[in-house]
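Trainee: I am new to this structure. Please pick one part of the model, look at it closely, and show me how that part sits in the whole.

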Amino acid sequence: MTTWIALLRGVNVNGITIRNADLADLFRSLGHTDVRTVLASGNVVFTATDPVDPVELRASVEQALRDRFGYDAWIVLVRHDALADLVAGFPFASTADRHDYVVFASEPAALDDLLAGLDLDPTVEQVARGDGVVHWSCPKGSSTSTAFAKRAGAARFKRTTTARNTNTLRKLL
């Protein structure tokens, strides 16, 4: 049995509202166990019976979300044990005046595209490629206005990436 984390993109924003209880019920209906939701931003921890193909698992969850909640669902799956390493390995010093994020991708090439040709001001934000993720730190209050934030928010990344604050990620562990 493997514990996974499903990171849903665009839940409880832009008119897509899904109650945590309904989200947990959906995952249980797919046969998953130990299901728990974290916050109201589309974070689900669950256990799947092995062996499981992550590509098939992602596709089945996305289709179930589309069928049940009627929206264009896209998720990123992360193994629970890998998340602990990602959080512990965050490469930038955390300070009270900054927000620290990890950007996940369902397709690794999306991260290369996300970073390609990006011109950042290192006095404002810090970005580093990690193993299957991008680490990002920015001043509080600027998580939608920095150069990286604007790039990450582009429509072309909607289906392949999602970001989580490191505080949220710690709650998933």
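Mentor: Start with the terms. A helix here is a DSSP run of H or I with at least four residues, a strand is a DSSP run of E with at least two, and both are numbered from the N terminus. Counted that way, the protein chain has six helices and eight strands. Keep in mind that this is a predicted model.

First, the whole. Read from the N terminus, the elements go β-α-β-β-α-β-α-β-α-β-β-α-β-α. The radius of gyration is 16 Å, close to the 16 Å that the globule rule gives for 173 residues, so the chain is as compact as a globular protein of that length. Along the principal axes, the C-alpha atoms fill a box of roughly 45 × 30 × 30 Å. Of the 173 residues, 43% are buried. Take the contacts between residues at least 6 apart in sequence: 69% of them join residues at least 24 apart. The accessible surface is about 8500 Å², and carbon and sulfur atoms hold 51% of it.

Now the part I picked: the sheet that holds β1. Four strands form this open sheet, in the order β2-β3-β1-β4, with antiparallel pairing. Its edge strands are β2 and β4, residues 75-79, and each pairs on one side only. From one strand to the next, the twist averages 20 degrees.

Helix α2 touches β1, β3 and β4, and its direction makes about 140 degrees with that of β4. Helix α3, residues 80-88, touches β1, β3 and β4 too, but its direction makes about 85 degrees with that of β4.

Strand β2 covers residues 33-37 and strand β3 covers residues 43-48; three bridges join them, and they run antiparallel. The two strands form a hairpin with five residues between them. In that turn, L39 has a positive phi of about 60 degrees.

Stop at one residue, T33. T33 lies in strand β2. Which residue of β3 stands opposite T33? It is T47. T33 also touches T47, along with M1 and F46, once residues up to four places away in sequence are set aside. Is T33 buried, partly exposed or exposed? Buried means under 20% relative accessible area and exposed means over 50%. T33 has 34% relative accessibility, so it counts as partly exposed. Next, compare sequence and space. T33 and T49 are 16 residues apart in sequence, with 8.5 Å between their C-alpha atoms.

Helix α1 spans residues 20-29, and its buried residues are L23, A24, L26 and F27. Why do they share a side of α1? They cover an arc of only 155 degrees around the axis, which puts them on the same side of the helix. What do these buried residues pack against? They pack against β1, residues 2-8, against β2 and β3, and against α2, residues 54-69. After α1 comes G31, with a positive phi near 95 degrees.

Five bridges join β5, residues 98-105, to β8, and the two run antiparallel. Within that pair, Y101 stands opposite N165.

D131 sits between β6, residues 126-129, and β7, residues 133-139. D131 reaches 73% relative accessibility, so it counts as exposed. From D131 to K158 is 27 residues in sequence and 20 Å in space, C-alpha to C-alpha.

Terms used. Residues numbered from 1 in each chain as written. Predicted model: local features only at pLDDT ≥ 70, side-chain atom pairs only at ≥ 80, totals over all residues. Heavy atoms only, no water. Pairing = 2+ DSSP bridges. Buried < 20%, exposed > 50% of the residue type's maximum accessible area, 1.4 Å probe, protein only. Arc of directions from axis to C-beta. Contact = heavy atoms within 4.5 Å. Axes fitted to C-alpha atoms, helices over the stretch in contact; angles between N-to-C directions. Rg over C-alpha atoms; globule rule 2.2 N^0.38 Å. Areas by Shrake-Rupley, 256 points an atom, 1.4 Å probe, with all protein chains shown as cover.
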